[in-house]
Amino acid sequence: MEDDGVIVSQPQIPDLRIGFQLAADAAYQRMTEAMVNAIAHYHPDARIRLYVPDEDRPAFARLADLVELCSPPPLVFNHGSFHPLIWSKLEAARATDVDVVVVLDPDQIMYRPLHRLCAVLWASTADFGACTDNEVVAAQFRRVPRELDPYAKRPGISSGTMLIRPSPDFYEAYVDAARRYAADALYPDQSVLAILAYTQGRWLRFEEELQLLHFSPSVLNPDHGACLVHLYTPRPPWCGSSPRRPGEPDFIEACAEFKQETGQPYPEARLREDFLARLHDRWAA
């Protein structure tokens, strides 16, 4: 094991029980429907749990045959500018009916199944697998915990896509870290995950084969190879409702920055078609 994550060899793909977990309110209905359709396509036998506010259940009624609608869990910590549902991700660590839970933010486009990467996690000693974020650990806290001082300049953890091996020990460690450090977190749950990743060595580091950020230069390649492209804010308008985070550019400004940095225009038309194919379940296209 290394500080940057557990290192494992490529395993044979076992017959794992893989489940999926999402959380969304009514504003994210469009993105959630596209994601659920994609999961059902690539993992037709997987169980999908969707946490939604009780008052928003009617918005997701058309997904009732594909997902298990769940009420928000009771544990909620500081959530900053994010929705309190961000802390529903804790629940994946206490699942008892699957071997690996894939926790997904719904604002993503799925391009391929995750069986192989779930097997990589299963063959390791890690409790969870995730990608690094585009900001360092120090940028994810108002005040960096003393335990993270040696790792303050390391990449932060992205919780947009996580592979979790459920266990009571990991759940308790996750909750304990949230109770101790969430008050100082700017990027709620993923700030806390940095504690588990860097000080306790519980994580397996994935790169862009798992999740590709949609303003990464790699998105220019139609054959990028990632399982998911994460449409984090600022998002294109065809995703539906989208918050404006403090200090962020708008989508047009972000596209201009992308072109300046890469020398090529942002591939919005291709991503839009990929998204709509999933939203409308048009896999033949």
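Student: Is Asp 281 buried, partly exposed or exposed, and why does it count as that?
Tutor: Keep in mind that this is a predicted model. Asp 281 counts as partly exposed because its relative accessibility is 45%.

Student: Where does Asp 281 sit in the chain?
Tutor: Asp 281 is in the segment after helix 6, which covers 268–279. Its phi is positive, at about 60 degrees, although Asp 281 is not a glycine.

Student: Backbone again: which residues does the cis peptide bond join?
Tutor: Thr 233 and Pro 234, with omega at about 0 degrees. Pro 234 belongs to the loop between strand 10 (228–230) and helix 5 (251–262).

Student: Switching to charges. How many salt bridges does the count come to?
Tutor: The count comes to 18. One of them pairs Glu 33 with Arg 62, and their closest N and O atoms are 3.3 Å apart.

Student: What does Asp 97 pair with?
Tutor: Asp 97 forms a salt bridge with Arg 49, and the closest N and O atoms there are 2.9 Å apart. Asp 97 is in the loop between strand 3 and strand 4 (100–104) and Arg 49 is in strand 2, so this pair ties together parts 48 residues apart in sequence. Asp 97 itself counts as partly exposed, at 23% relative accessibility.

Student: What about Arg 143, which residue is its salt-bridge partner?
Tutor: Asp 184, with the closest N and O atoms 3.1 Å apart. Arg 143 comes from the loop between strand 6 (128–136) and strand 7 (155–164), and Asp 184 from the loop between helix 3 (168–181) and helix 4 (188–200), so the two tie together parts 41 residues apart in sequence. Arg 143 is exposed, with a relative accessible area of 58%.

Student: Which residues do salt bridges with shared partners join into one network?
Tutor: Arg 47, Arg 49, Glu 68 and Asp 97.

Student: New topic, His 224. Where is it, and is it buried or exposed?
Tutor: His 224 is in the loop between strand 9 (211–213) and strand 10. At 17% relative accessibility, His 224 counts as buried.

Student: What does His 224 touch?
Tutor: Leaving out residues up to four places away in sequence, His 224 touches Tyr 111, Arg 112, Leu 212, Ser 218 and Val 229. A polar atom of the His 224 side chain also lies 3.0 Å from the backbone nitrogen of Ala 226.

Student: Last one, helix 3. How many residues does it have, and how far does it reach?
Tutor: Helix 3 has 14 residues and reaches 20 Å from its first C-alpha to its last, close to the 20 Å expected.

Student: Which of its residues are buried?
Tutor: In helix 3 the buried residues are Phe 170, Tyr 171, Ala 173, Tyr 174, Val 175, Ala 177, Ala 178 and Tyr 181.

Student: And what covers them?
Tutor: The cover over the buried residues of helix 3 includes strand 6, strand 7 and helix 4.

Conventions
Residues are numbered from 1 along each chain as its sequence is written. This is a predicted model: local features need pLDDT of at least 70, side-chain atom pairs count only at pLDDT 80 or more; totals for chains, interfaces and linings use all residues. Side-chain values use heavy atoms; hydrogens and water are left out. Helices (H or I, at least four residues) and strands (E, at least two) are DSSP runs, numbered from the N terminus. Buried means under 20% relative accessible area, exposed over 50%, partly exposed in between (1.4 Å probe, protein chains only). A salt bridge is a side-chain nitrogen of Lys or Arg within 4 Å of a carboxyl oxygen of Asp or Glu. A polar contact is a pair of N or O atoms within 3.5 Å; within protein, one must be able to donate a hydrogen and the other to accept it, and residues adjacent in sequence count only if both atoms are side-chain atoms. Contact means heavy atoms within 4.5 Å. The expected span of a helix is 1.5 Å times one less than its number of residues.
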